[in-house]
Amino acid sequence: CLGNLRNIQLENQKEMYENNLSEAEASLLIAEDNFRTERLNIEKQMKCLEKLNMQIQQTDKEYEYKKKCFLKSQELYSVGGISESKLCEEEMNLDQLKTSVEVMKKEYEISSVGFRNEDIEKFGYEVPASQKEIKDLIVNINSRQASNAVVQERTRVDSVKKSLLNMELLMDELKIKSTVSGIVATCNFQIGDHVSENETCFVIFDTSNLNAVFYVQEQEIGKYKTNSKLLVAIPSI
């Protein structure tokens, strides 16, 4: 490399692309973190639905048991075995338990939207055979927005990297290189000089092939033969 040219405009653009790349990479990290958090939250929601379903089944069993007890209490009341107030109290407790079951079922119905097999079909997928595959597919479907954000940020990072690479290749063209081996015969500019387009900066003297003409005294001719090695000194070079 004979020298380096500077282009302030290209340097500013390169710095801008470097800053854009840092911002894009930071945004990508945030998007990836959000994606992981979203998937964890979806898995937690699915666990909560399973827990709620178990509570519904347990409460439903409790209601059926209390219902049978209430029917027996009605029989006892008919023969004077318990008081009317006791029967009314059991009836109120039974109605309250029934309401609790209905409320829990409605809550489960609301919370399960987006996690049902029919939701899988609405997104154009076939319902997998195993429960694990169903859960994985539901997580993927419900985290699609966060996943798209990651893809978008990765595309942005790749785009900025390509722009930065193109800028570096462009700046590499500012390095002055010789296409031949030789020595510098002329340097037309000093450090800090302005170089215009198409101006000659250096003149390279190609020393790979030189023809020299020199004189020999007649009495010395006998000392020279074809292919004899000679040492030629050129003071100007």
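My entries on this predicted model follow.

**Ground rules.** I count residues from 1 along each chain as its sequence is written, and side-chain values use heavy atoms, with hydrogens and water left out. Since the model is predicted, local features need pLDDT of at least 70 and side-chain atom pairs count only at pLDDT 80 or more, while totals for chains, interfaces and linings use all residues.

**Helix α4.** I then looked up which residues of α4 are buried. They are Ile134, Leu137, Ile138, Val139 and Ile141 (buried means under 20% relative accessible area, exposed over 50%, partly exposed in between, with a 1.4 Å probe and protein chains only). The buried residues of α4 pack against α1, α3 (117–122) and α5 (144–172).

**Glu32.** Next I visited α1 (residues 8–78), where Glu32 lies. Glu32 counts as buried because its relative accessibility is 18%. Leaving out residues up to four places away in sequence, I found Glu32 touching Val150 and Arg154 (contact means heavy atoms within 4.5 Å).

**Salt bridges.** My search of the whole structure gave 12 salt bridges (a side-chain nitrogen of Lys or Arg within 4 Å of a carboxyl oxygen of Asp or Glu). One of them joins Lys135 and Glu50 at 3.0 Å, N to O. This pair links distant parts of the chain, with Lys135 in α4 and Glu50 in α1, 85 residues apart. Lys135 is partly exposed at 32%, and Glu50 is partly exposed at 33%.

I also followed Arg116, which pairs with Glu118 at 3.6 Å between the closest N and O atoms and with Asp119 at 2.9 Å, N to O. Shared partners join Arg116, Glu118 and Asp119 into one network. Is Asp119 buried or exposed? Asp119 is buried, because its relative accessible area is 9%. Glu118, at 40%, is partly exposed.

**Surface patch.** Last, I noted a nonpolar patch on the surface, whose members include Ile183, Phe205, Phe214 and Tyr224. Together the patch residues have about 860 Å² of accessible area (Shrake-Rupley method, 1.4 Å probe, only the protein chains shown counting as cover for residues). Phe214 lies in the segment after β4 (202–205) and is partly exposed at 46%. Patches are made of residues with over 30% relative accessible area and no salt bridge, like charges being joined within 9 Å and nonpolar side chains (Val, Leu, Ile, Met, Phe, Trp, Tyr) within 5 Å.

Methods:
Helices (H or I, at least four residues) and strands (E, at least two) are DSSP runs, numbered from the N terminus.
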